[in-house]
Amino acid sequence: MRQQNNSRAKFLAVIFAIFGFVAIAQMLRIQYSPQAAALREQGDVYAGEYRTLYPERGQIYDRSGYLLAGNSTVYEVGVSLQDMRNPHSIALAMSAVLGLSYDEIFQYISNPPDGAVYLVLKDYVSSERAQELQATKKRLDEQYQTKGDATLAGLNFSAHLQRSYPEYELGSNVIGFVTREGRGYFGVEEKYDDLLAGVPVTVWVPQDPNRAIELPKAPKGTDLVLTIDREIQAAVEQILVEAVRETQSKSGTVIVMNPKNGEILAMVSTPQMDLNEFWTYTDTYQYASDFNRAVSTQYEPGSVIKILTMAAAIDSGVVAPGTTYLDMGYYEIGGGYIYNWDKGAWGVQDMTGCLQNSLNVCMARLASQMGTETYYTYMRRFGIGRPTGIDLAGEAVGRLKTPGDADWYEIDLATNSFGQGVAVTPLQMLTAASALANDGRMVYPHVLYGMVNNGNQYNTPTQIMGTPISPQTARTVSEMLAIGMERGESLAQVEGYRLAGKTGTAQIPTDSGYYSPDEINASFIGWGPVDNPQFMVYVWLEKPETDDWASFLATPVFKEVVEKLVVLMDIPPDVIRQQLAGPP
Amino acid sequence: MTTTSAAKPGKTKRVFAAYAEAVQTFDSARSMPLNVQRQWVILFAVVIAIVAMVAGLYLDVTARAAITGREIQKLELAIAFSARTNADYETDYARLMSNQVMQARASQAGFEMLDREQVDYMVVPGYLPASGITFASSLAETQSVSGAPEYHESLLTWLAEAAREASAPLGGLR
């Protein structure tokens, strides 16, 4: 009997052993089968996700460290369909707090697209609104636990950063803006978009905590420090807005630059916009070139260009400050006649009187005496007709017709000499004139003071664009302009400070090819103190309606700006400054 | 004389033979003296205990790794939250200190903008005007902790490196 039991037990053991081996073999076969590999791959898809880490956009500061462009938290509000219990209460909350349409939201989340598990209801919701929604959700969740009332279950909040401009409109023309796609438009935001945005990093983030890794850092975008001085910018904006209003101008532009190093201290162009509401851009500007007229709009500058003609004539040896001529009130050239602004004859004039009285006949004579080659060589050296290379987006090129161009005529030599038939941007004009205020050296204008990356600061060095005239010529023309202002009792004079400057009243060409009889551009360019220039100011009022002359329109604006500048830049009156600079 | 080739035993037969041998060994083991049997049982129990300890240790390490992983994920969220909060604070502070707000506050406090005529200049010995702002910082972003070699090199490599460093001449290479 025992023998028989042993045999049965052995038989059963064999059967179980066979089952065991078969089971193990099957497990191994399934484990290493192609189907298993495919399933593993499918599983890996859900084991984690590829996540793109966008670095925080670099901040923008003014030269004193005030933040001009930063970042702030906003929320994407969405709904997880599988967690949603009450679409009615979600639609109601979105309608009450965010002002969305109840019907649209209710229809959207009640009849989601096929396969959808998550729906975005609204992005870029402010922190305040999101907190309000979160508080409502919490309150309703508590009520739901006790009373079973409506709930906002399924409503999700995903935080991210958005560009924010704490100074609102201040410096808007220079800064530009960033859209919700994260792309910079205009100004510094566009020019340095790549640097500010940084480099996004895409990483595989596993859901399995056993495989959790420290995510690589997406280094923050580069911070930029601008040459703009917030206080000067604000003061100039205030003055310009008031001037545009008073003169009923279409727009206004003012640039303040340090002529020694090309740093732009302020740059304003009206109208301005609140950069936090960048979507109003199309309401504010008709053309892209309107955003910052200082660099993007070219116009016939009129008489302000006479300072370049005079500098070229003196530098080339054609005339000296004391050279005189008899002004007959007209000058014939290329089959046409050039007249003075008042159609009058000014008699015997020296070169200082020529500038002081802004005589077109004088300028036409000078250009003619220099000849086309010399004159246009000087204009090219001054950078007329080519961009300055400023580090702002959208700079216009300007236009300088030269002999050989199909639309150049001999009379253009004369008209160009007093600012007609030539187009410049305000910045081009200022850059060219920097040679006069900086001993003959033209500097590259720039708005970037420095950039800060990973704790290191790299400052922008001063770059000389060229030396179109000699230091002697520069000082001579500056002196002539200063004398002209003093003799003519210019409205631009500021007591205690010796300044050099020139007005420009320019007619505006129309599409018909003639000049508009009742529209002008009023400009003024000036710098000071003459013996040691620390600022240059360019003023342009477009189509003012209250007066016909720049000396009554743009000149007072220049004076107001200078009066603010000397205080904000700590520039003492000439007498005190010379005493301080002298030997003790 | 005739020879008969021995038939090759089948696979099942061989498995059965091995099983029968094992059963026979087990039977013979049962016939061993009791103290020998006890030693075998103790040995078996010790092996089971060791396996259980290793399994427990593995479970503990796995659980700790999982908890740490969750903490890492939480810390990453906290880092992102802190970065956003810092950005918010900085922007809020800038808004409070903005030119517009400061001018309004100054006006409310009875201050007014200085005019050119109101300024008096005086010589202050040793005074040097500010010559530009510096944002440079020694707190540069460093390499991530897990990027350090201790976190990815093997024990042997680490020991070899430690030995190499220990045997390097003092003062380093010249």
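Mentor: In this predicted model, local features need pLDDT of at least 70, side-chain atom pairs count only at pLDDT 80 or more, and totals for chains, interfaces and linings use all residues. Residues are numbered from 1 along each chain as its sequence is written, while chains are lettered from A and ligands numbered from 1 in the order in which they are written.

Trainee: At what angle do the axes of helix 14 and helix 15 of chain A cross?

Mentor: Axes are lines fitted to C-alpha atoms, for helices over the stretch in contact, with angles from 0 to 180 degrees between N-to-C directions. Helices (H or I, at least four residues) and strands (E, at least two) are DSSP runs, numbered from the N terminus. Here the axes of helix 14 (residues 360-381) of chain A and helix 15 (residues 410-417) of chain A cross at roughly 120° and come within 9 Å. Helix 14 of chain A is therefore oblique to helix 15 of chain A; angles under 35 degrees count as roughly parallel, over 145 as roughly antiparallel, 65 to 115 as roughly perpendicular and the rest as oblique.

Trainee: Which residues of helix 15 of chain A make the contact?

Mentor: Two residues are in contact if their C-beta atoms, placed from the backbone, lie within 7 Å. Helix 15 of chain A contributes A:Leu413, A:Ala414 and A:Ser417, and the residues from helix 14 of chain A include A:Met363 and A:Tyr375.

Trainee: How many residues does each chain bring to the contact between chain A and chain B?

Mentor: Chain A brings 46 residues and chain B brings 40 residues. Strand 3 of chain A gives the most to the side of chain A that touches chain B, with 5 residues. The predictor gives the complex an ipTM of 0.82 and a pTM of 0.83.
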